[in-house]
There are 2 protein chains.
Amino acid sequence: MQHVGAVPDCKRRRLGYHASMNDSSKTERVRLSAEDWEDGALALIAEQGVGALAVEALARRLGVTKGSFYWHFRTREALLQAALERWEEYGEREVLAEIERIPDPLKRFPELFRRVAHEMQPHRVYAALLKALDHPQVVPVMSRVSQRRMDFLTRLYQEAGLAPDVALNRARLTYAAYVGFLQLNFTLGLPRISHEEFDAYVEHMIATLTPAPRDAS
Amino acid sequence: MQHVGAVPDCKRRRLGYHASMNDSSKTERVRLSAEDWEDGALALIAEQGVGALAVEALARRLGVTKGSFYWHFRTREALLQAALERWEEYGEREVLAEIERIPDPLKRFPELFRRVAHEMQPHRVYAALLKALDHPQVVPVMSRVSQRRMDFLTRLYQEAGLAPDVALNRARLTYAAYVGFLQLNFTLGLPRISHEEFDAYVEHMIATLTPAPRDAS
DNA sequence: GCCACTACATACTCGGCCGTATGGTTGCCA
DNA sequence: TGGCAACCATACGGCCGAGTATGTAGTGGC
């Protein structure tokens, strides 16, 4: 989840036109790969949304022009598609794996909620994509990602002792709360919640959504 | 909440160019008011999002041309502004009032949840506006509306016996679940939930989010 | 040190949409 | 029934962003 950034420094090498002039800032030339464009696109999406993903804007951002872009990609759609697939690929696998490693099923929820709550950067892309569900290209991606996460949550609740149908509904509720929270606090800025308040809210979520031991059969 | 529709029939009167021809469908002439444009704008927003609110597209939809539009509004922004204010005006007041009329605080939540769940049309505009929070004009409107609803929920939870801080967090959780559900089921179409499943989910929400009587001091 | 290839610049076309200008049509009212 | 105001059509100018065409500068193989 580190693929959201500008051009890696290893690519920024100056070539000095004739080894003269004060080539301090402008003569740095970059040679980009398709992956660089995809990363740049994801960064732009995270900051300004899918609608702001314009070819010329991204080119300026990367220090080149459109001519470069159309060498790597056939169209703007192709870039968006590649960026989305890249984002889906390098997903949140490690987090889920670590949660499953916790033996006590009931102790998984506090850990999961606290972890998700305290690294907000990875969710920026997800929040941006949520606001772009009118775009045909993002729907299947978001559908797959959301479905996988909901399946994971459902399994967690089942292993915590809930009946299958109850576990599914609890997973729906939990994931809806997650998505809604992203909307209400990232994009909309409801009175700018403080750190202490935020922690208290997370603990309240844990207390409310973690199955009570008596729920287990 | 009936202001989202096409041109009201009372305005569709034919004027028959010379009382001849088969003027069955095309010679119906309409004279529109500013409110008609605002309603049309809201309908278009509900269906295709704020980004799809284009002047010429809306004009075609209403059976007229741009020339008409720019008589009523100075700019596209003005229309959006007026439509948003209109939407905020004719809000959900009556629902909230009816809920408060229920004497037993604990019986309010099932009623509220079931009501909100079973009239999904009014939420289409809200869901569309949620996806347009990057637009500067919608942010203040959504901020006000969401804040009012959250205040209402907080008060309900307090009157149900929760401590003020707990009530606030419970309200946040509830409203986040609402918003997230809109996203996941309207725009994204997670496996197209059935009616029975949906009702079961609502009941699960009620069971999970309604304060237990023992929570009351 | 030559050449093919990669990566990029520049300059253009084209379509969509906002906004303007202006003239035509309808309805109301004295 | 003339006239004014509300309402609408048509045509045009201009901006912005996608996509194309073509020239050009570095890069690697031999």
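Which N or O atom in a side chain of chain A is 3.1 Å from a phosphate oxygen of DNA strand C? That atom belongs to the side chain of His72(A), and the pair is a polar contact, a term used here for two N or O atoms within 3.5 Å, where within protein one must be able to donate a hydrogen and the other to accept it, and where residues adjacent in sequence count only if both atoms are side-chain atoms.

The model is predicted, so local features need pLDDT of at least 70 and side-chain atom pairs count only at pLDDT 80 or more, while totals for chains, interfaces and linings use all residues. Residues are numbered from 1 along each chain as its sequence is written, chains are lettered from A and ligands numbered from 1 in the order in which they are written, and side-chain values use heavy atoms, with hydrogens and water left out.

Read from the N terminus on, the order is β-β-α-α-α-α-α-α-α-α-α-α. Of the 217 residues of chain A, 47% count as buried, which means under 20% relative accessible area, with exposed set at over 50% and partly exposed in between, using a 1.4 Å probe and protein chains only.

Of the atoms of DNA strand C that come within 4 Å of the protein, sugar and phosphate account for 64%. Two or more residues of the surface near DNA strand C are given by each of α3 (66-72) of chain A and α2 (55-62) and α3 (66-72) of chain B, and the largest share, four residues, comes from α3(A). By class, this surface divides into ten nonpolar, five polar and four charged residues, where Ala, Val, Leu, Ile, Met, Phe, Trp, Tyr, Cys and Pro count as nonpolar, Asp, Glu, Lys and Arg as charged, and the others, Gly among them, as polar.

DNA strand D is surrounded by 19 residues, of which Lys66(A), Arg31(B), Leu32(B), Thr65(B) and Trp71(B) are the closest. Sugar and phosphate account for 64% of the atoms of DNA strand D that come within 4 Å of the protein. The largest share of the surface near DNA strand D, four residues, comes from α3(B).

A pair of aromatic rings is described by the distance of the centres and the angle of the planes. Over all chains, the whole structure holds 21 aromatic pairs, counted when rings of Phe, Tyr and Trp (its six-membered ring) have centres within 6.5 Å, with planes under 30 degrees apart taken as stacked, over 60 as edge-to-face and the rest as tilted. The rings of Trp37(B) and Phe69(B) have their centres 5.3 Å apart and their planes at 75°, so this pair is edge-to-face. Trp37(B) in helix α1 (residues 34-48) and Phe69(B) in helix α3 of chain B are 32 residues apart, and their pair links distant parts of the chain. Both Trp37(B) and Phe69(B) are buried, each with a relative accessible area of 0%. In chain A, Trp37(A), Phe69(A), Tyr70(A) and Phe73(A) form one aromatic cluster.

Tyr157(A) has its place in helix α8 (residues 138-159) of chain A, and at 0% relative accessibility Tyr157(A) counts as buried. The C-alpha atoms of Tyr157(A) and Thr210(A) are separated by 8.5 Å, although the two residues are 53 residues apart along the chain.

Note on methods: Near = heavy atom within 4 Å.
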